[in-house]
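These are notes for a colleague who has the sequence and the coordinates open side by side. Please read each point with the structure in view.

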Amino acid sequence: MGDSADRTHFGFESVAEAEKARRVRGVFDAVADKYDLMNDVMSFGLHRVWKTYTVAVAQVREGDRVLDIAAGTGDLTLAFARKVGPRGLVLHSDINEAMLRRGRDRLIDEGVLAPSLLADAQALPLPDAAFDVVSVAFGLRNMTHKERALAEMARVLKPGGRLLVLEFSKPAAPLAPAYDWYSFNVLPRLGQWIAGDAASYRYLAESIRMHPDQATLKSMMKTAGFGHVDVHDLAAGIVALHVGIRC
Ligand SMILES: C[S@@+](CC[C@H](N)C(=O)[O-])C[C@H]1O[C@@H](n2cnc3c(N)ncnc32)[C@H](O)[C@@H]1O
């Protein structure tokens with residue numbers, strides 16, 4: 001999806017690849033300040049449960065090396081840093097400076113030592129086989145070249161390492177009408193009301209619809225080098241956690 005030579009999609013719009021990168025940056029520049037509050041409000045706090053579940057499934061151990069991609073304000077980074085302890089490492093990484101800065105400030109406030117890295121997940125400036133666990137929560141959807149990003153995640157993982165992709169997905173059919181109504185009517189209004197920005201939350205709703213469903217993402221992960229992929233549907237598939245084992 002979205003990997004044609006020079007056109008891709010930004011929500012439902014067809015745009016040039018460079019334009020998409022610019023507009024995704026614009027979205028996260030605009031929402032960075034209100035990002036955490038909006039997450040709580042629009043998911044009724046459920047994003048915390050989904051992230052807690054992700055951390056439980058990741059089974060990060062003391063001394064592990066973890067890369068949190070598209071880490072933003074650092075929810076997963078923080079939870080993983082508490083697991084790896086002083087002998088381990090969690091790298092807090094994102095392409096967007098405003099989001100990365102919010103996360104870095106928060107990590108410092110929490111007394112957590114986790115270096116921040118400004119990096120595009122589609123071309124990671126990191127060596128091969130350097131991490132035990134890689135995570136990407138609600139980030140893959142925004143990437144133009146998802147196959148390339150997944151291949152990069154495989155490359156930096158040690159053999160046997162685990163990739164956790166937490167992302168919006170395709171909900172069970174009976175939920176679809178209510179979910180569509182909420183996404184296209186309520187979300188942009190909440191965005192306008194809380195963050196003064198309806199457009200970014202309209203993009204959120206559209207980008208979710210354009211993202212590969214559970215089975216498609218699973219097969220993309222297998223192609224990228226993950227020999228075994230488990231899919232965990234959360235909230236009836238509104239969100240899915242894909243767990244891939246690097247082989
Ligand atoms: C919805 S936020 C998720 C933040 C955090 N992981 C969470 O779950 O709260 C999506 C993040 O993906 C980042 N992102 C988008 N494209 C990216 C790319 N190509 N490489 C790395 N990060 C990217 C954005 O800058 C943004 O911070």
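Is glutamate 13 buried, partly exposed or exposed? Glutamate 13 is partly exposed, its relative accessible area being 40%, where buried means under 20% relative accessible area, exposed means over 50% and partly exposed lies in between, with a 1.4 Å probe and protein chains only.

1. Basis of these notes. The model is a predicted one, in which local features need pLDDT of at least 70 and side-chain atom pairs count only at pLDDT 80 or more, whereas totals for chains, interfaces and linings use all residues. Residues are numbered from 1 along each chain as its sequence is written, and side-chain values use heavy atoms, with hydrogens and water left out.

2. Glutamate 13 and its surroundings. Glutamate 13 belongs to strand β2, residues 13-16; helices (H or I, at least four residues) and strands (E, at least two) are DSSP runs numbered from the N terminus. Leaving aside neighbours within four places in sequence, glutamate 13 is in contact with Thr8 and Arg23, contact meaning heavy atoms within 4.5 Å. The side chains of glutamate 13 and arginine 23 also make a polar contact at 2.8 Å. A polar contact is a pair of N or O atoms within 3.5 Å; within protein, one must be able to donate a hydrogen and the other to accept it, and residues adjacent in sequence count only if both atoms are side-chain atoms. Glutamate 206 is 193 residues apart from glutamate 13 in sequence, yet the two are 9.1 Å apart in space, C-alpha to C-alpha.

3. Strand β1 (residues 7-10) is joined to β2 by four bridges, and the two strands run antiparallel; strands are taken to pair if DSSP finds at least two bridges between them. Histidine 9 stands opposite serine 14 in β2. Two residues lie between β1 and β2 in this hairpin, and glycine 11 in the turn has a positive phi of about 60°.

4. The open sheet. Seven strands form an open sheet with mixed pairing, in the order β5-β4-β3-β6-β7-β9-β8. Its edge strands are β5 (116-118) and β8 (226-234), each of which pairs on one side only. Within this sheet, β6 (residues 131-137) and β7 (residues 157-168) run parallel and are joined by six bridges, with valine 136 standing opposite valine 165 in β7. Strand β7 is mostly covered, since nine of its twelve residues are buried.

5. Helix α6 and its cover. The buried residues of α6 are Lys146, Ala149, Leu150, Glu152, Met153, Ala154 and Val156. The elements that cover them include β3 (65-69), β6, β7, α9 (214-223), β8 and β9 (239-246).

6. Glutamate 152. This residue is found in helix α6, residues 146-156, and glutamate 152 counts as buried because its relative accessible area is 14%. The side chain of glutamate 152 reaches the backbone nitrogen of leucine 124 at 2.7 Å, and this side chain also makes a polar contact of 2.8 Å with the side chain of arginine 155. Not counting residues up to four places away in sequence, glutamate 152 touches Ala121, Gln122, Ala123 and Leu124.

7. The ligand. Of the 20 residues around the ligand, Tyr35, Ala70, Asp94, Ala121 and Ala137 come nearest, a residue being near a molecule if one of its heavy atoms lies within 4 Å of it. A polar side-chain atom of lysine 51 lies 2.9 Å from an oxygen atom of the ligand. A nitrogen atom of the ligand is 2.7 Å from a polar backbone atom of alanine 70, and a ligand nitrogen atom is 2.9 Å from a polar backbone atom of alanine 137. Taken alone the ligand exposes 610 Å², of which the protein buries 96%; the areas come from the Shrake-Rupley method with a 1.4 Å probe.

8. Two backbone angles to check. Most residues other than glycine have a negative phi. Alanine 236 is partly exposed, with a relative accessible area of 43%.
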